[in-house]
Amino acid sequence: MTVPVPSLNNGHSSTAATTRTPGFSTRAIHVGSEPENSISRGVNTPLDLSTTYKQDRVGVHAGFEYSRSANPSRLAFERAIASLEGGDVLLSQALKDEGIDERESEAGPPGVAFSSGSAATATVIQALGGHGGHLVSVGDVYGGTSRYQLKMAGPLQGLETTYVDMSYSTKPDGGKVETEEEQDSVIVDRIEQAIRPETKLIWIETPTNPMLSLVPIALVASVAKKHNLYLVVDNTFASPYLQQPLLLGADIVVASSTKYIGGHSDVVGGLAVTGNPALLSKLRFIQNAGGAVPSPFDAYLLIRSLKTLALRVREHSRNALAVARWLEEKAIPAGLVRDVRYPGLKRAQETPAQKRERYLAWDQLSDEAKRWLAREGFTRDSEGGFPAGGMVSFHIRSGSAQSQTETSVAETFLETLRVFTLAESLGGVESLAELPLKMTHGGVDPTHRAKLGIDGELIRLSVGVEDVEDLLHDVETALKAAVKA
Ligand SMILES: *Cc1c(COP(=O)(O)O)cnc(C)c1O
């Protein structure tokens, strides 16, 4: 398959002014959507519903033959997401290193779109897992991902999965771990103990779901490199505005575009991005052969969503920090809440692991997000913390801590909320709240669940972009109604 790949400067002569690398939102708005791509020169990417395309002579066409293999609307989304995750620059460099002319590369842009995040996950595991191989996965991985690892890749590919705690928050039994080097070596040791001769890849997700622990991407990438393994990062929770794992050493980024990328709770989709030409060819092959492609209309909606991704994620993050701070500074002292989890939160009293996690939350931010926070006057040591994504988790104080069955206080809280909607999923403009124990993580093994801290008190919030005063008032009112302090 060959597809036309115009540049962002398409239609302009390349002057000194156009050699500047455009910023995140400029790329989100323009890459893939260049008017020169359409006959009408429309500023929006046309929704191209054709399933098949005219060939001028046999095998001579404009880059499109059949819509499952390549479609102009999907291509526009794939080019945009490749640019936002940093895959386009990495792929150009890799092709140059291999002496291949980019225009002759058959695999299209380094972003590959799927009909869901789960289809992207399945494709990547099929492409990298091999037969009779082994995978090392972060422990609190998305429920659908562990279901695929254990119940699909296990029986179908003979792929075994080992789960490893890769967070700073858990110390080894009885060990005293204080310095950064010691904290790092705990994680490296745990991963290396799980690696076998047949291990093919490491799969991580950060922040994790629902505990919002952080996994140090660059550190895990160095372990993967040392052992000649691929590193896959699920970037769904952070979005490419906040975090660009390929630039920290990951080989493939996957995401559910159903969440922040779509952002309006109206499209299910997924993606994978890689700067590695051989991996890209494999993903593109399975995209076409497996056929789990998004419809042109889904691609059209996702292009529209990408244009406001930075605006939305900044506002989600500001609101979420406000909610996390209110919970930490007001609800904990009032005896309503036991603890709060938010990557950027700076607690008055923090353990060395919590401090390390907060610094990691800052260090792992994209350059673009760091520039935004600097403009807003934030540093990694700002009092109260800094905005770092829209997800907040906390344990409500119920009187039956760590119970795997007692949920009545949490349920009263969830059912009293008026602005937050009781629902699964996340990343849309509207605020959502849920009980992981019985909803998103109901299928997770109870022993594993208890170890992670998923119990009848744990609430997960996806903080939306409504007015923050309304969100704070809603949480306060529902907490006071639910908890008999
Ligand atoms: C939702 C989600 C997925 C799966 O994506 P779907 O679009 O629902 O198939 C994968 N990973 C994470 C972290 C998710 O939140």
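**Helix packing and local backbone features of the predicted model**

In α10, the buried residues are Pro296, Ala299, Leu301, Leu302, Ile303, Ser305 and Leu306. Buried denotes under 20% relative accessible area, exposed over 50%, and partly exposed the range in between, with a 1.4 Å probe and protein chains only. These buried residues of α10 pack against α1 (24-30), α2 and α11 (309-331). Contact is defined as heavy atoms within 4.5 Å. Helices (H or I, at least four residues) and strands (E, at least two) are DSSP runs, numbered from the N terminus.

The model is predicted: local features need pLDDT of at least 70, side-chain atom pairs count only at pLDDT 80 or more, and totals for chains, interfaces and linings use all residues. Residues are numbered from 1 along each chain as its sequence is written, and side-chain values use heavy atoms, with hydrogens and water left out.

Two helix pairs were examined. Packed helices are described by the angle between their axes and the distance between the axes. Axes are lines fitted to C-alpha atoms, for helices over the stretch in contact, and angles run from 0 to 180 degrees between N-to-C directions.

Helix α2 (residues 72-84) and helix α10 (residues 296-306) cross at roughly 35°, and their axes come within 8 Å. The crossing of α2 past α10 is left-handed. On the α2 side, the contact is made by Ser73, Arg74, Ala76, Phe77, Ala80, Ile81 and Leu84. On the α10 side, Pro296, Ala299, Leu302, Ile303 and Leu306 take part. By class, the contact of α2 with α10 has 10 nonpolar residues, one polar and one charged. Here Ala, Val, Leu, Ile, Met, Phe, Trp, Tyr, Cys and Pro count as nonpolar, Asp, Glu, Lys and Arg as charged, and the others, Gly among them, as polar. A crossing is left-handed if the near helix is turned anticlockwise from the far one by less than a right angle, and right-handed if clockwise.

The second pair is α4 with α9. Helix α4 (residues 117-129) packs with helix α9 (residues 277-290) at an angle of about 125°, and the axes are 10 Å apart. The two helices are therefore oblique to each other. Angles under 35 degrees count as roughly parallel, over 145 as roughly antiparallel, 65 to 115 as roughly perpendicular and the rest as oblique. The crossing of α4 past α9 is right-handed. Thr123, Val124, Gln126, Ala127 and Leu128 of α4 meet Leu279, Lys282, Leu283 and Ile286 of α9. Six nonpolar, two polar and one charged residues form the contact of α4 with α9.

The loop between β4 (199-205) and α7 (217-226) holds Pro207. A cis peptide bond links Thr206 to Pro207, with omega about -5°. Pro210 is also placed in the loop between β4 and α7. The peptide bond from Asn209 to Pro210 is cis, and its omega is near 5°. Leu212 lies in the loop between β4 and α7 as well. Phi of Leu212 is positive, near 60°, in a residue other than glycine. Leu212 is buried, at a relative accessible area of 3%.

Asn228 is not a glycine, yet its phi is positive, about 60°. With a relative accessible area of 72%, Asn228 is exposed.

Lys259 carries an annotation. An unreviewed UniProt entry lists Lys259 for "modified residue: N6-(pyridoxal phosphate)lysine". UniProt positions are given in the numbering used here, feature names are shortened, and annotations may be inferred rather than shown by experiment. Lys259 lies in the loop between β6 (252-256) and β7 (270-274). Lys259 counts as buried at 10% relative accessibility. Not counting residues up to four places away in sequence, Lys259 touches Tyr142, Thr236, Ser425, Leu426 and Gly427.

Two further buried residues sit in helices. Ser239 is found in helix α8 (residues 239-242). Its relative accessibility is 1%, and Ser239 counts as buried. Beyond neighbours within four places in sequence, Ser239 is in contact with Tyr260, Leu309 and Val313. Ala353 belongs to helix α12 (residues 352-363). Ala353 is buried, with a relative accessible area of 10%. Its contacts, leaving aside neighbours within four places in sequence, are Tyr168, Ser169 and Gln183. The C-alpha atoms of Ala353 and Glu178 are separated by 8.1 Å, although the two residues are 175 residues apart along the chain.
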